[in-house]
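Have the structure open and follow along.

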Amino acid sequence: MRRLLALRAGGKLTAGHVRVAADALGVSERTVWRWLAAAESDEAAAASPGARPQGTGFTITPEVRGLLALWKGNVRAVHRELVLRAARQSPPGGAPSLTTLHRAIRRDLTPGERAGLAGGERAARKHDVFLARPRGWRNHVWETDHMQASVLVDVEGTARRPWITWFTDCATNAITGVAVTPVHPSRESVLAALRSAVLREDPYGPFGGLPEKVRVDRGKDFLSRTVTAAFDLLDVTVEDLPAYTPHLKGTVEGLNRAVEGMFLAALPGYARQPRPGKRASRPKDEVLLSFEDFTARLLAWTLWWNTEHRPAPLRGKTPLEAWQDDLTPLRDVPATDLWTFTLEDAGTRTLTTRGVRFRKRDYVGPWMTGQAGIQVRVRFMPHHDHRIEIYHATTGRYLGPADLADQATEEQISAVRRTRAARARRLKKDLQAAQRERYAAAIQAGAPQRLGALTTAQAGAELSQATDTDLSDLALPDLIPPAGWRTPASLAALTVPAQPVPLVSGSDGASASDRRDGRAARPTTCEDGDA
């Protein structure tokens, strides 16, 4: 800047000099001319061109932060609000220009703060710096999660998006266990995936064994009584992460993202496939995978991930190679014990001649012959109500399975399900019709005008139908006691106290309504009883 001042003082300053200086400083030529004019009268401006004195200029205040959050980061809307507020002041004040407001926001707010005011905490988290956990050793920490696959699958004639539950080892990125359910998962899905993750025998191995710790989110399935009890029996620590913190279990979240682009996107029925036209509808002639075929393909992809894929954190190794290179001892559990630990305990029962009574149904097994009268303990897999497992109540010895007696056939169960679905659709339609309300369109401010007229006959019929369902209107009048009826002492505390009834003077204080015929009670004399 001083060189430009010297050239201007000697009369040798040209527009080319100003253009070169503007390009070097990243400002406009007009800004350089303004700085030169200020530097001729102020030595401080010549030393620091463009610098503002301390305490001057517009800065971001808590009021502006609140407006940015209110308008979701819309700077132009915030500027309009500031102009309106300045105009309402007495006397009217000044508001910053839109350019000044933009410049102050870029200067005083970090990219994370700007993103957070516009999109919330999740958007601000994208600008944070996170530390990486040490990888540890195999079976040191596992992570587990549910994921809804973005693929439509044919489940008994209905297109559904199945759910995947899996466990992954944080040290080797290996998928140790996986379970697939056609509908929303439950604690049964977690237990099934846990069994496949712990067992190392065919077809589950070689990954497995008991981990030292399992990280879960606050899902009710992972924190259910049955799942937590299984982890306690297996001596596995459960780390319950705070809600809405997927970055704290990055291994399994990264797996959820990887399976989307590496496997699901190539399957027929992919729900997020870009489609032509304005409406992203699925082609009517598209053939969906069956649930069995989808599960088989997912298991094959899981095998490929464990044995052939080379994740970047493993530095050129596959999860299988990283697992085999780690010599950490493994803790194994026999399959029979693992099956017992992952069943829900239903308490003790008495084995009778009809079998074992569980949830108002009888369960029988061929091993029960000659065993009637002993005390047994019932364990069961959640939602698998066709079979239960029986153990001796005293010794804990496994006795055998018990199947549901008089179980309906598959045709009967299918018919019942169809009937239930039709009833549910009919009820939903009736409820929607009953709750549908229409109002007149308004072009001026006023109270809402409800539409829908009824005839007198229609209103009477609907009211009579509602009256028929009221039990108090169906009660017989002659069965209701009169107002003066004396309530027994055992029921007096359970009834609402009635209005007090005047008493007739007498030695025993009996009221006039003591007798059911309505006549007053006769005073007691010495002749009526023993003197």
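Let's start inside the sheet: strand β1 (residues 141–148) and strand β6 (residues 213–216) run parallel as a pair, joined over three bridges. Look for W142, which stands opposite V214 in β6. Keep in mind that this is a predicted model.

Now zoom out. The sheet is an open one made of five strands, ordered β5-β4-β1-β6-β7, with mixed pairing. At the edges sit β5 (175–181) and β7 (237–240), each of which pairs on one side only. From one strand to the next, the twist averages 20 degrees.

Two helices deserve a look against this sheet. Helix α10 lies across β1, β4 (163–169) and β5, while helix α13 packs on the sheet and touches β4 and β5. Here is how each one is directed relative to β5:

| Helix | Residues | Angle to β5 |
|---|---|---|
| α10 | residues 187–198 | about 150 degrees |
| α13 | residues 291–307 | about 170 degrees |

Over to the other end of the numbering, then. How do helix α1 and helix α3 pack, and at what angle? Helix α1 (residues 2–9) and helix α3 (residues 29–41) cross at about 80 degrees, and their axes are 10 Å apart. Since 65 to 115 degrees counts as roughly perpendicular, that is therefore the label for α1 and α3.

As for who touches whom, L4, L5 and R8 from α1 meet V32, W33, L36, A37, A39 and E40 from α3.

Conventions: Residues are numbered from 1 along each chain as its sequence is written. This is a predicted model: local features need pLDDT of at least 70, side-chain atom pairs count only at pLDDT 80 or more; totals for chains, interfaces and linings use all residues. Side-chain values use heavy atoms; hydrogens and water are left out. Axes are lines fitted to C-alpha atoms, for helices over the stretch in contact, and angles run from 0 to 180 degrees between N-to-C directions. Helices (H or I, at least four residues) and strands (E, at least two) are DSSP runs, numbered from the N terminus. Angles under 35 degrees count as roughly parallel, over 145 as roughly antiparallel, 65 to 115 as roughly perpendicular and the rest as oblique. Contact means heavy atoms within 4.5 Å. Two strands pair if DSSP finds at least two bridges between them.
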